[in-house]
Amino acid sequence: MTLPRRWRDPAGQSLVESALSIGIILAVLIGILELTIALYDYNYVAYAAREATRWAMVRGSACTRLSDCSATGPQIQSYVRGLHFPMIQSSNLAVTTTWLSRATTTPATWTACSASPCNLPGNEVQVTVTYPFTMDIPIVGRVGLNLRSTSSMVISQ
């Protein structure tokens, strides 16, 4: 059996190959763009965690020079959500604050603070910021990432 002449034409073959190649290349490019946006969001999450610990470390229980002293967990969360970065939905940011005190053992270790107040100078504040991110990559589908960063500093005031 012989094929009709138009089916044996190499021009049709290159058209099919081009369509398949362009589809794969576009999927890869969209995947790279999605990963770039995920990296941007992760950098923001890391920045927000660092800024929150800096903000909290100077607003301990001995703070007197600032108007909003003696920082609490909800205040720290409000501060992080108020940073307003483009492309970030601040309402989706989860902020967890942990207060740690230095144990008297050798070598010294940090343990969860049980005495009140916990934001005393010399104690440590640890802020964890979490942000859900969903990538939508052609062929692969939707991939959910939970971007998370933790920062800690010793309270100075």
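# Chat about a predicted model

Colleague: What separates E51 and R54 in helix α1?

Modeller: About one helical turn, as E51 and R54 are 3 residues apart in helix α1. Helices here are DSSP runs of H or I with at least four residues, strands are runs of E with at least two, and both are numbered from the N terminus. Bear in mind that this is a predicted model, where local features need pLDDT of at least 70 and side-chain atom pairs count only at pLDDT 80 or more, while totals for chains, interfaces and linings use all residues. Residues are numbered from 1 along each chain as its sequence is written, and side-chain values use heavy atoms, with hydrogens and water left out.

Colleague: Ok, and what does E51 form with R54?

Modeller: A salt bridge, with the closest N and O atoms 2.9 Å apart. The rule asks for a side-chain nitrogen of Lys or Arg within 4 Å of a carboxyl oxygen of Asp or Glu. In general, side chains of opposite charge can pair when their charged atoms come close.

Colleague: Is E51 buried or exposed?

Modeller: E51 is buried, at 17% relative accessible area. R54 is partly exposed at 38%. The cut-offs are under 20% relative accessible area for buried, over 50% for exposed, and partly exposed in between (1.4 Å probe, protein chains only).

Colleague: How many salt bridges does the structure hold?

Modeller: It holds 2. Besides E51 with R54, D136 forms one with R142, where the closest N and O atoms are 4.0 Å apart. D136 is partly exposed at 40% relative accessible area, and R142 is exposed at 66%.

Colleague: Let's zoom out. How many helices and strands does the protein have?

Modeller: 2 helices and 4 strands, in the order α-α-β-β-β-β along the sequence. The radius of gyration is 26 Å, well over the 15 Å that the globule rule gives for 157 residues, so the protein is more spread out than a compact globule. That radius is taken over C-alpha atoms, and the globule rule is 2.2 Å times the number of residues to the power 0.38.

Colleague: What box do the C-alpha atoms fill?

Modeller: Roughly 90 × 35 × 15 Å, taken along the principal axes. Of the 157 residues, 31% are buried.

Colleague: Now the sheet side. Why is strand β3 largely enclosed?

Modeller: Strand β3 (residues 124–137) has 10 of its 14 residues buried, so the rest of the structure largely encloses it.

Colleague: Which strands do bridges join to β3?

Modeller: Strand β1 (residues 94–102) is joined to β3 by 7 bridges, and strand β4 (residues 141–154) by 14. Both pairings run antiparallel. Two strands pair if DSSP finds at least two bridges between them. As examples, W99 has V125 in β3 as its bridge partner, and T130 has R148 in β4.

Colleague: What do β3 and β4 form?

Modeller: A hairpin, with 3 residues between the strands. I139 in the turn has a positive phi of about 75°. P138 lies in that loop between β3 and β4 too, and counts as partly exposed at 32% relative accessibility.

Colleague: How far apart are P138 and V28 in space?

Modeller: 8.3 Å, C-alpha to C-alpha, although they are 110 residues apart in sequence.

Colleague: Switching to cysteines: which residues form a disulfide?

Modeller: C113 and C118, with their sulfur atoms 2.3 Å apart. The cut-off is a pair of cysteine sulfur atoms within 2.5 Å, and the count comes to 1 disulfide. The link of C113 and C118 is left-handed, with -90° about the S-S bond. C118 is buried at 18% relative accessibility.

Colleague: Back to backbone angles. What phi does S70 have?

Modeller: A positive one of about 55°, although S70 is not a glycine. S70 sits in the loop between α1 and α2 (73–81). M87 also has a positive phi, about 70°, and lies in the loop between α2 and β1. Most residues other than glycine have a negative phi.
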